Amino acid sequence: MKKFFTSILAIMLLLSAFCLSACGGSGQEVLRIYSSEDYIAQNEDTGATMADDFAEWYNQTYGKNIRVEYSTFGTNEIMYNRLKIAPGSYDLVCPSDYMIQKMINEDMVEEYSSEFLDENNENSHYTKNVSGYVKDLFASKTLDNGKSWNNYAAGYMWGTMGYIYNPDVVDHNDIKHWAAIWQQKYNNQSTLKDSVRDTYFLGLAYVYRDELNTWANSLDSGNISFETYNEKITEILNRTDDETLRKVETALKEAKNNIFGFEVDSGKSDMITGKININFAWSGDAVFAIDEAEAQGVELYYAVPEEASNVWFDAWVMPKGANKQLAEAFVNYVSQPEKANENMDYIGYTSVIAGDEVFDRMIDTFELSTEWEEGLQEVDLSYFFTDLSDGRSAVVYTDTIGRQFSAQYPDLPTVSRCVIMSYFPRDVEAKVNEMWENVRGAEFPWWVVILIVLLIGAFAAIKLLSKYQGRKKPKQYNGYKVISREK
Amino acid sequence: MKFHFSRKQLIIPYGLFLALFVVLPLLFIVYYAFTDGSTGAFTLSNFGKFLTSGTSLSTLLLSVGVAILTTLFCLLIAYPIAYVLARSKMKKKTVLLMLFVLPMWINFVLRINALREFLDLIGLLGNANLFNTVLGMIYDFLPFMILPLYTTLIKMDKNLLEASSDLGGNAFTTFIKVTLPMSMQGIISGITMVFMPTMTNYVISDTLGLGHVTIIGKLIEDCFGARADWNLGSAIALILLVIIFATMVFTGGFKDDEAGARGAGLW
């Protein structure tokens, strides 16, 4: 029965795909990409995305007629469901870290070829240009078969989570702690994400803030190694036991009473118009919001609170049955430094691609200096720009900390206190979702019960009244005969 | 082969539409509602999950409350204006009617966001979430109440009103005994057109209630989006369907009884 229904659904999905490809002409190869909304550079005049550019470039370079179908999803879960129902309907998808982990575990993805991973291959733009930081991080995520994330996923964008805030109203020191949105003085001035994973993470960081601080202090005083520290905070920020869930639920309910609202999109514009002054946000959105606000004369800042935060990655993976050759060509195409720059300029998020061209773009865009001058602060980005040519130093100097530059390229201390949040197993996920529903949901609305009782009462009263009136006998007058109505 | 055209063939386009977009999706919902997500086996646990969760039931009740308030106020605002419009001898009243329907031609997300800015301007946004949500719903659904009321009122036989006053009924009696029962059809179709969509229009509650007002439509959206639990989502949708069906039967009974009896009483 399940087979029957899912196959109907799959057939319907596939039919639409087939029709599209059939109409495009015979023998034409198609690359079907599934990615987040607004996640690729688009030419504002022609409306062509970088995916369209790729098709053109490929046709010219290889003399082969290919076509790119680029579609978008709202959440990782929607993408996952779609792949489950109609496996093989996409060649390349771009999910987040936890979803990649889940998909690898469920054996849903293809491995990248050895040519793709070969640094000496001139077309391996991804492998040649990706930041050593990302490569090492993916390599540290090893699997049972001895391979790592690097074999299955090619990074695209990455970033942190933090607060965008308006320093005219919000104290820089308050924002150093996640507790800011719980503070009475910022009542009705902040927003949370209407997204269970992100807000749950914030809840964890708030509930266990003391514990996180203790480990950070031990690290600072040299009592524990960085590895131990990282292990400890990763454990804390991935807790899902019942007691933790209860504590987070209580904390988030408190937060709910103090915040302006939950949002996924409106936060950026609400910051600019001044409806709110603190916005829990992804770093890429922060870059965008700070830019937009600046154009309207509002100065916004972005900060990653000191307790700890979340570092996330979105990466290209090839679902089972993908056209690997085309998919890899596409990943290499967008991984060329100039393409990475184009994407960063367009969407505001940080590309995983490092290298001289990306470094130079950063210097230009954020008006950084490579030499120390009076009044400038030093930012060491050597952890990210690992392969600059001729021994160029990745240390830069700036007079503005906490704005677009800091949001796009977090410094080493910030990144060091960030961890990846793993995916939840099915039963845990159900519990977390239940917790989230309780946070979002209302107290029992007694007024509705009263309203319904009143309505039923009024309705019954009208009914009774009309019945009573119906029984009333017409008055009899002398000389007239009343003819009784027939039923 | 000769092609015989008959009236029966006229239903083919809609028949196809009905099968593809009404019956088939409904079957899917029923299938998902009664099966387990991972195994595909028959189960009632989706309904159990919903009916045993206090928060889910509170959410349902809150949605009913919002829908009742919206419907009630829509009726209170729409009836007088539909009445006046239908009765007036004004030549340009279609223009006036168009003005009421005009907002429907402007994108609804745009209108709701405009209302959001307006509420912010007068300082209500973020301070009266439930009120704002209901206000947004009324704003959006009012035309759906005005139109059916107007059409039934304009179709009403004016001779009946004259008959009523000939028989000594004053304006009030005429309204209560003649106009109101005769317009019951319009009231009921207005109610069904407002009540049902209000329970599920989470875009309004999210935009104006800022996530503090969670209605049942949001819960369903969550199940199909971030929660990726199509089975629970379908079960909730089905429960909602049953509730709506029940209210339809209920109001339908009301219609037959009231309008029928009164109509008969008139003669």
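Buried means under 20% relative accessible area, exposed over 50%, and partly exposed in between, with a 1.4 Å probe and protein chains only. Helices (H or I, at least four residues) and strands (E, at least two) are DSSP runs, numbered from the N terminus.

This is a predicted model, in which local features need pLDDT of at least 70 and side-chain atom pairs count only at pLDDT 80 or more, while totals for chains, interfaces and linings use all residues. Residues are numbered from 1 along each chain as its sequence is written, chains are lettered from A and ligands numbered from 1 in the order in which they are written, and side-chain values use heavy atoms, with hydrogens and water left out.

**Stop 1: helix H14 of chain A**

Select residues 324-334 of chain A, which form helix H14. Nine of the eleven residues in H14(A) are buried. The buried residues include Leu326(A), Phe330(A), Val331(A) and Tyr333(A). Glu328(A) and Asn332(A) are also buried.

**Stop 2: strand E5 of chain A**

Next select residues 154-165 of chain A, strand E5, where twelve of twelve residues are buried. Two strands pair if DSSP finds at least two bridges between them. Color the partners of E5(A) one by one:

- Strand E10 (residues 309-316) of chain A runs antiparallel to E5(A), joined by six bridges; Gly159(A) has Trp312(A) as its bridge partner there.
- Strand E8 (residues 278-282) of chain A is antiparallel to E5(A) over five bridges, and Met161(A) stands opposite Trp282(A).
- Strand E9 (residues 301-303) of chain A is antiparallel to E5(A), with three bridges; Ile164(A) is partnered by Tyr302(A).
- Strand E12 (residues 350-351) of chain A is antiparallel to E5(A), with two bridges, and Trp158(A) stands opposite Thr350(A).

**Stop 3: strand E6 of chain A**

E6(A) runs parallel to E8(A), with two bridges; look for Thr191(A) opposite Asn279(A). Strand E7 (residues 261-263) of chain A is parallel to E6(A) over three bridges, and the partner of Lys193(A) in E7(A) is Glu263(A).

**Stop 4: an open sheet in chain A**

Now show strands E1, E2 and E3 of chain A, which form an open parallel sheet in the order E2-E1-E3. The edge strands, E2 (66-73) and E3 (92-93), each pair on one side only. Eight bridges link E1 (residues 29-36) of chain A with E2(A), and Ile33(A) has Tyr70(A) as its bridge partner.

**Stop 5: two helices of chain B**

Move to chain B and select helix H3 (residues 54-87) and helix H6 (residues 129-155). Their axes (lines fitted to C-alpha atoms over the stretch in contact, with angles from 0 to 180 degrees between N-to-C directions) come within 6 Å and cross at roughly 40°. H3(B) is therefore oblique to H6(B); angles under 35 degrees count as roughly parallel, over 145 as roughly antiparallel, 65 to 115 as roughly perpendicular and the rest as oblique.

**Stop 6: cysteines of chain B**

Finally, select Cys74(B), which is buried with a relative accessible area of 0%. Cys223(B) is also buried, at 0% relative accessibility.
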